[in-house]
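Subject: Two-chain model, handed over

Hello,

Here is the structure for your files. My notes on what turned up follow below it.

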Amino acid sequence: MGLALMAVIWVITLASTYFFVAKTWWLPAGAAEAAHFIDGQFALTFVLMGIVFLAAQLSLGYIVWRYQQKPSSPPVLYSHGNTKLEIIWTVLTTILFIGLNLMGGPVWASQRWDPAGAGAVQVEVTGMQFAWYFRYPGPDGKYGATSPKLMDPSAGGEAAVGLNTSDPASKDDVVTGTMYLPVDREVDISLRAVDVIHSFFVPSLRFKQDAVPGLNIHMHFKPTAIGEYEIACAELCGLGHYKMHGMVHVVSQEDFDKWLAAREAEKQ
Amino acid sequence: MATPVAIHAHAAPQGFIRKYIFSLDHKVIGIQYFFLALTAVWVGMFLSLLMRLHLVWPNAALPLVGEIKPETYLSLLTMHGTIMVFFVLTTAPQGGFGNYFLPIQIGAPDMAFPVLNMLSFWTTFVAFVTIIAAFFVTGGAPLHGWTGYAPLSALPSAGPGEQLGADLWITSIAIFCVASLMGALNFITTTLDLRAKGMTLMRMPLTVWSWFITAILGLLAFGVLLSAGILLLMDRNLGTSFYVPLVVVNGQIMGHKGGSPLLWQHLFWFFGHPEVYIAILPGMGVASQILSTFSRKPIFGYKAMVYAMLAIGFFGFMVWGHHMFMSGMSPYSAFAFSILTMCIGVPSAIKTFNWLGTMWKGHIRFQTPMLYAIGFVSLFVSGGLSGPFLAQPVLDIQLHDTYFVVGHFHLIMGVAAIFGMFAATYYWFPKMFGRMMNETWGRVHFFITLAGTYAIFMPMHYLGIAGGTRRYSQYTEVAYLQKLMPIHQFMTYAAIITMAAQFIFVINLFWSMFKGPKASDNPWEATTLEWTTTTPPPHDNFGGRTPVVNHGPYEYGVPGAPRDYVMQTDPATTPAH
């Protein structure tokens, strides 16, 4: 029985580890500035926890096989523990866990404590059951006023976010259902939700933030690779949660300018 | 302590109803809780089977429910989570085994407040009936998930199931909170006041410590959830705005303003995180008890184990914010919550080391309870080690609300806790029902369940790393999610096999209850007080005797002792610690 149990625990452990090491399913290729650090911290945590996982499971398997009761077993070690050992592993675990944690601090702080730099692209992201809308303030750099009274999701676009077209600042606002961003420029997004909580998750950009009714949450990130990236809603928001999907197109600055100008032209 | 015995003793009841239905006997109440949880776990498991089938075959018509619509899927996951967390993970380990064995293990004739005990069971029962009723009302069960985030949970127009179904859901939880508060008071008072002579705190079995600490957590946590639930009911029905700001649902302005959706999350997780420990602490206690007994060795580091559980209970109230890194909560507080979360990993690691140390150089006997205790340790390690990923806010950016989290909490608070319950069932069944369970089928059940649960929940981590979002009723709308379908298929097959194996357990349970070989008073050669009394124990637990405790709880392999174990009530002259 001891041997069988050891075999099962070892096989489960090694099989589980295989898929992590082989990276059969893994983080999508990172396309934002933070990806480099986040992926590095993930890999480091993964290696350290992997070592602990293997050590604990393999020794568990070994111990149950090695110390199975047999007629020939020597008397058990009558011991109530060992204070020195307890102190050693407490201190080691504390250093490991707290140390890992402190390492991640700076990136979190730079992303979430500091505001976006000057010259960042402004985009307002609005979540509602079950769509994302993106608003660009236009040449004046100012978002026009919106009003809950004007919101009409069935009409889509400007009407869905309740844009007040009598506000002069709204004249050049562009509202779209697909997000366009210039590559290698910081993006300052402000996240809003009109009905329930949604979460703006772009796995390739290593970005996630809940959009909460009543809050306007400012976040910033910098896409670093041209491409199309999927947005998936990551907070249960109702029956259409699974299809609250969107796209981010990261394009060159030139293409972005052209795209925005075309949208402005359409509006006039 | 003769006085409390005299006060709390009550005559053995006559008649079926007072004996088995409205019983004051903590043993009967424990068994009632056990069967309630057993019923609930089958309901919860059936719901998860439907979910797994739907994920892989989204258009198939399923037995009993037909084709599953997106909102039905969300109702299934809401009810699965709620039923499992409240009516299984909270009910069986504490209400079931705690009720039955806490008084006996400390040498008491019953709980401190037998009537309150009966009341807390029947209140729990009402809560269970209430939540099941949510399936059958117009609109069906709610779809807001077991976490019930507002405003989704606060607005009847936010989706199907958010009308009467959601009210029943909240009401059920509120009733459950009341029941748990009554239970917690009883457990705490009993442990503090009714210990037999010589049963000092540091001679209490680790199971008693775990139930005691769990009760303290319950007392502090359930009150908060109860209040939160009442406020939510008021938002829904009385037009208040605790959790709802001005929102527009489908073009309609709702009549709320100024509320904070984050307030619900803070209150919910202030309960919700300690709840994780409410589910797992009794499993830790049982694993400790069984590992020591079946290794024929004292527990390694008894005091460290007690302090570790106290530390887990203490820190358990300071880490709720780690569920909210992505919520819009102040990013400064994330740092504090993250550090505190890492701190709670330390006592958990100490416990694991000590479990391995307990088996080291022991005489391991592989009866079914021991297999499950070993499985518990393995799952606790596997589920625990994904914690330090999620505790780091920068990694949580990628992993939050993905299947990585689902895999993490299922392994540690779901399956590890369930393994604790299986271990407890196989271990205490002889004392509770007077007969032994079948050993061969117990082992078969163990190996399939161990391999099966790993096959279901380990792949969830791969899914989550790849960005696999949770609570999606279909993976057809997002291209990168479609590529992950093979993992889902594998998990569904593993789930079907693992669930089928649970029939082995139930058949073994009921068959053994009537046909199993008669159990002796102490079949496992264990040391704690429940093994000093008859099998099953008499109405007052010790047949008029008051046990006197002379030894610590885990005296195995004592050099110079006549047997390889010294029971807690053995004469003080027997050599032992």
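This is a predicted model: local features need pLDDT of at least 70, side-chain atom pairs count only at pLDDT 80 or more; totals for chains, interfaces and linings use all residues.

Helix α7 covers residues 206-237 of chain B, and helix α8 covers residues 261-295 of chain B. Their packing angle is about 160 degrees. Anything over 145 degrees counts as roughly antiparallel, so α7(B) and α8(B) are roughly antiparallel to each other. The two axes lie 8 Å apart. α7(B) passes α8(B) in a left-handed crossing. By class, the residues of the contact of α7(B) with α8(B) are 22 nonpolar, eight polar and one charged.

A second pair in chain B is α14 (residues 403-433) with α17 (residues 485-515). Here the angle is about 15 degrees, and the axes are 12 Å apart. That makes α14(B) roughly parallel to α17(B). The crossing of α14(B) and α17(B) is left-handed. On the α14(B) side, the contact residues are B:Y403, B:F422, B:T425, B:Y426, B:F429 and B:F433. They meet B:H488, B:Q502, B:F505, B:N508, B:L509, B:S512 and B:M513 in α17(B). The contact of α14(B) with α17(B) holds eight nonpolar and five polar residues, and no charged ones.

Chain B as a whole

Chain B has 17 helices and six strands. Its radius of gyration is 24 Å, close to the 25 Å that the globule rule gives for 577 residues, so chain B is as compact as a globular protein of that length. Along the principal axes, the C-alpha atoms of chain B fill a box of roughly 80 × 50 × 45 Å.

Two cis peptide bonds in chain B deserve a look. One joins B:A150 and B:P151, with omega at about 5 degrees. B:P151 sits in the loop between α5 (114-133) and α6 (164-193) of chain B. Another joins B:T535 and B:P536, with omega at about -15 degrees. B:P536 belongs to the loop between α17 and β5 (555-556) of chain B.

Chain A as a whole

Chain A comes to five helices and 10 strands. How does its radius of gyration stand against the globule rule? The value is 26 Å, well over the 18 Å that the rule gives for 268 residues, so chain A is more spread out than a compact globule. The C-alpha trace of chain A spans about 90 × 40 × 30 Å along its principal axes.

One backbone angle in chain A is worth a check. Phi of A:K23 is near 55 degrees, which is positive in a residue other than glycine. A:K23 is in the loop between α1 (2-22) and α2 (33-66) of chain A.

The sheets of chain A

A general point comes before the details. Strands of a sheet pair through backbone hydrogen bonds, either parallel or antiparallel.

One open sheet has five strands in the order β4-β10-β9-β6-β7 (chain A), with mixed pairing. Its edge strands are β4 (179-182) and β7 (207-211) of chain A, each pairing on one side only. Neighbouring strands of this sheet are turned by 25 degrees against each other on average, direction ignored. β4(A) runs parallel to β10 (residues 245-251) of chain A, and four bridges join them. Within that pair, A:Y180 stands opposite A:H249 in β10(A).

Another open sheet of five strands runs β3-β2-β1-β5-β8 (chain A), and the pairing is again mixed. β3 (174-176) and β8 (217-221) of chain A are the edge strands, and each pairs on one side only. The twist averages 25 degrees from one strand to the next. β5 (residues 187-193) of chain A and β8(A) pair in the antiparallel sense over five bridges. A:L191 stands opposite A:I217 in β8(A).

Which strands does helix α5 (residues 253-267) of chain A lie across? In the sheet with β4(A) at its edge, α5(A) lies across β4 and β10 of chain A, at about 140 degrees to β4(A). In the sheet with β3(A) at its edge, α5(A) lies across β1 (121-128), β2 (131-136) and β3 of chain A. The helix runs at about 105 degrees to β3(A).

Best wishes

Key: Residues are numbered from 1 along each chain as its sequence is written. Chains are lettered from A and ligands numbered from 1 in the order in which they are written. Side-chain values use heavy atoms; hydrogens and water are left out. Axes are lines fitted to C-alpha atoms, for helices over the stretch in contact, and angles run from 0 to 180 degrees between N-to-C directions. Helices (H or I, at least four residues) and strands (E, at least two) are DSSP runs, numbered from the N terminus. Angles under 35 degrees count as roughly parallel, over 145 as roughly antiparallel, 65 to 115 as roughly perpendicular and the rest as oblique. A crossing is left-handed if the near helix is turned anticlockwise from the far one by less than a right angle, and right-handed if clockwise. Ala, Val, Leu, Ile, Met, Phe, Trp, Tyr, Cys and Pro count as nonpolar, Asp, Glu, Lys and Arg as charged, and the others, Gly among them, as polar. Two strands pair if DSSP finds at least two bridges between them. Contact means heavy atoms within 4.5 Å. The radius of gyration is taken over C-alpha atoms; the globule rule is 2.2 Å times the number of residues to the power 0.38.
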